[in-house]
Amino acid sequence: MNLENKTILITGANRGIGRALVEEALKRNVKRIYAGARGPLEHRDERVTTLALDVTNCCDIERAAREVGTLDVLINNAGIALYEELSSKLIERHLAVNLFGLSQVTHAFLPQLRRSKGAIVNNLSLAGLAAIPLAAAYSISKAAAFNLTQSLRAFLAGQGVTVHAALLGPIDTDMSRGLEIDRKSTRLN
């Protein structure tokens, strides 16, 4: 995907994969990056605009959608992965971020994406295709997000908005620290 002179929004941009995506987008000569994050985020590049954005907070989402006038690419990256026993409360928490947050952000920014004939990229997980027992709630939420992505692709096909799924494996970030598994670096080559 050519990002030159594009305006993009990356959720969960304050660390891990999101932070790496911000840096990679800058290398690809984007016009503007809206870096969405729940917590503080500072960046020296003038093309990066910090956007306070908790994907589980409807007010944050609505405010962010009003602040972003044009948008070419939405990267739904924000997510959680908690490694605890399977419970309804844990499933609900994962669904709130990994499914409903993704859905609400996407729908809030659809007007801008329709105008630009833009693209949506949902960072998902291989765990959504083959569940990981130690991360069952995470796997459930990513499976649901994968199906939402497929549905959005079909729904938006005639409206000029493309929808992509990035199915990621284990990556060396705070989210997977402490797990005894092989992980890839966040450096994009």
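Reader: Where does Tyr83 lie?

Author: Helices (H or I, at least four residues) and strands (E, at least two) are DSSP runs, numbered from the N terminus. Tyr83 is in the loop that links strand E4 (73-76) to helix H3 (88-116). This is a predicted model, in which local features need pLDDT of at least 70, side-chain atom pairs count only at pLDDT 80 or more, and totals for chains, interfaces and linings use all residues. Residues are numbered from 1 along each chain as its sequence is written, and side-chain values use heavy atoms, with hydrogens and water left out.

Reader: Why does Tyr83 count as partly exposed?

Author: Buried means under 20% relative accessible area, exposed over 50%, and partly exposed in between (1.4 Å probe, protein chains only). Tyr83 counts as partly exposed because its relative accessibility is 33%.

Reader: Is Thr11 buried or exposed?

Author: Thr11 is buried, because its relative accessibility is 2%. This residue belongs to the loop between strand E1 (7-10) and helix H1 (16-27).

Reader: Which residues does Thr11 touch?

Author: Contact means heavy atoms within 4.5 Å. Leaving aside residues up to four places away in sequence, Thr11 touches Gly36, Leu53, Val55, Ile75, Asn76, Asn77, Ala78 and Val105. The side chain of Thr11 also reaches the backbone nitrogen of Ala78, at 2.9 Å.

Reader: How many helices and strands are there in the protein?

Author: The protein has 4 helices and 6 strands, in the order β-α-β-β-α-β-α-β-α-β from the N terminus. Of its 189 residues, 44% are buried.

Conventions: A polar contact is a pair of N or O atoms within 3.5 Å; within protein, one must be able to donate a hydrogen and the other to accept it, and residues adjacent in sequence count only if both atoms are side-chain atoms.
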